[in-house]
Amino acid sequence: MKYYLNPPDRILMGPGPSNVSYKVLEAQAKPVIGHLDPEFIKIMNEVADMLRLLFGTKNILTLPISATGSAGMETVCVNLLEEGDNALICVNGVFGTRMVDVAERCGANVTKLEAPWGKIIEPDNVKRALKVKKYKFVGIVHAETSTGVWQPLDEIAKIVHEAGALFVTDHVTAIGGIPVEIDKLGIDAAYAGTQKCISAPPGLSPITFNEKSIEIFSHRKKKVQSWYLDLNMIGKYWGGKERAYHHTAPISSIYGLHTALNIILEEGLSNVYKRHLTLGRALQKGLTAMGLKLFVEDEKYRLPELTSVYIPPNIDDKVVRMRLLEEFNIEIGAGLGAYAGKIWRIGLMGHTCNINNIILFLNALAIILKNLGFNCDNSDAINEVYNYIKGY
Ligand SMILES: Cc1ncc(COP(=O)(O)O)c(C=O)c1O
C-alpha cells in the first residue's frame, strides 16, 4: 500500500495559517544539523535578533518556543504566575477567554474584565478594576483574531504600570502585521505566533520577557510546573555561554522562521505595516461596497490583517465557504462561539496580503453570493479597492 502526500496549494485568507513563501518552504528543506552545532547556534542568534526587531525590544530573553501560539500563552502564564496570584485578564473574544483558562490552570485567582465581542477593552475600565484589588498580572490580546479588533495598548500600559502590575500581551496575530512596541510601552512579557503575519508554518511561538519578568520567574516559590516551558532552563539553551541542551530544537522550523523574518526585514518593517494597513482597509472598502456589513464598527479599532464581516441574511455560511474552497481554491474563516454562522473572518496576513488575492476573493465572493440570491455588484467593490489604493 502506498500513501501519497499531496496537499493543495490554497489561497489562505482565513485567520491563519497564511500562505508561506516558497523561499521559506525551501529553507525548511535544507540539511538538518545538530541543535548544538555552532552553525545552528549562529542561526538561533540571528532568529533572536530578528525577533527583537519585530517585537520592538532589546530584551535579551527573546526566543521562539517550540510549539504554537497557545504554548507562548502558556509560557507567560506558567513562568509568571504561582498558586494564589491575582491576575486580571481582559476578555473580548476567544483568545482572552483562553488566557483566563490557562492562568486558572496555573492556580491564579483570575478576574475577567469583559467587553462585548467586536469592541475594545476601555482603559477606564482597566483603571477601575485595578483600584478594586491589587493584581500581579494584567493580560490582554493586541489583535483579537476571533473578532478582528485592534486593541490600543498605550493607555492601558501606563495604567497597569502605575498599579504596579506586570503587563502581559498577546501578539499572535499582531506581529509582522501591525507595529508591536514592547520596549516603548514597557510591556513586561509577550508572546506571538509564526503562522499569521510572519508567514512561516505554524509550530513556533516567539516570546519576549524583560528583566522584571525574568526576576520573577527566577525567584519563584515553587518550580515552574511545566518542565517543557520552564524559561529558567530554555533561556540557558537560547542564551548565555553554556548553551545547555534542554530539548531538541525543531531545526527545520527555525530555518523557516529565519527566512520568513528575513523576508519581512528586507521589505522593511514600515513598508510591511503600510502594505497590511493599505490593503486591509482596501478590502474592507470593497466588502462594504458590495453591500456587506463589517463586524467591528469603528474603523480605528479594525485590524487590517483580519476582517470580520456579517454573513448576509438567508446565506448559508458553510455553503459559501465550501464553494470558495472548491471552486476558487480560497480558504476563509468561520465565526467562533456565538458568532458561528453569523460572521466570516477574512485574513490578509503576511505573504497572503497582496492586491491579486483581494481582487480574486471579492470577485469569487460576489459570484457565489449573486448565485445564492444576494444582490451585490463586484465591479463597485473592485473600483472601491483600486480607488483606495491609488498611489500605494
Ligand atoms: C490572538 C491569538 N492568540 C493565541 C492563539 C493561539 O495560537 P495557536 O493556535 O497557534 O496555538 C491564536 C491562534 O489563532 C490567536 O489568534
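Predicted model: local features only at pLDDT ≥ 70, side-chain atom pairs only at ≥ 80, totals over all residues.
Pro 123, Val 126, Lys 127 and Leu 130 of helix H5 meet Glu 155, Ile 156, Ile 159 and Val 160 of helix H6. By class, the residues of this contact divide into 6 nonpolar, no polar and 2 charged. Helix H5 covers residues 123-132 and helix H6 covers residues 154-162; their axes come within 9 Å and cross at roughly 10°. Because of that angle, H5 counts as roughly parallel to H6.

Helix H5 also has a place against a sheet. It lies across strand S3, residues 86-91, and strand S4, running at about 150° to S4. Both strands belong to an open sheet of 7 strands, in the order S2-S10-S9-S8-S5-S3-S4, with mixed pairing. Which strands are at the edges? They are strand S2, residues 61-65, and strand S4, residues 109-114, each of which pairs on one side only. From one strand to the next, the twist averages 15°.

Within this sheet, strand S8, residues 166-170, and strand S9, residues 189-191, run parallel and are joined by 3 bridges. Here Val 168 stands opposite Ala 189 in S9.

I turn now to another sheet. This open sheet has 3 strands in the order S11-S14-S13, and the pairing is antiparallel. Its edge strands are S11, residues 306-310, and S13, residues 333-334, each pairing on one side only. Strand S13 is joined by 2 bridges to strand S14, residues 343-347, and the two run antiparallel. In this pair, Gly 333 stands opposite Arg 345 in S14. Helix H11, residues 269-289, lies across S11 and S14, and runs at about 10° to S11.

Next, the ligand. Which residues come nearest to the ligand? Of the 15 residues around it, these are Thr 68, Gly 69, Ser 70, Thr 145 and Val 172. Helix H3, residues 69-80, gives the most to this shell, with 3 residues. By class, the shell has 7 nonpolar, 7 polar and 1 charged residues.

Finally, I draw attention to a single residue, Lys 222. It is found in the loop between helix H8, residues 211-218, and helix H9, residues 231-238. Is Lys 222 buried or exposed? Lys 222 has 8 C-beta neighbours inside 10 Å, and therefore counts as exposed; the limit for that class is 12 or fewer. From C-alpha to C-alpha, Lys 222 and Asn 92 are 32 Å apart in space, and they are 130 residues apart in sequence.

Note on methods
Residues numbered from 1 in each chain as written. Helix = DSSP H or I, 4+ residues; strand = E, 2+ residues; numbered from the N terminus. Buried ≥ 20, exposed ≤ 12 C-beta atoms within 10 Å, placed from the backbone. Pairing = 2+ DSSP bridges. Contact = placed C-beta atoms within 7 Å. Axes fitted to C-alpha atoms, helices over the stretch in contact; angles between N-to-C directions. Near = placed C-beta within 6 Å. Nonpolar A, V, L, I, M, F, W, Y, C, P; charged D, E, K, R; others polar. Parallel < 35°, antiparallel > 145°, perpendicular 65-115°, else oblique.
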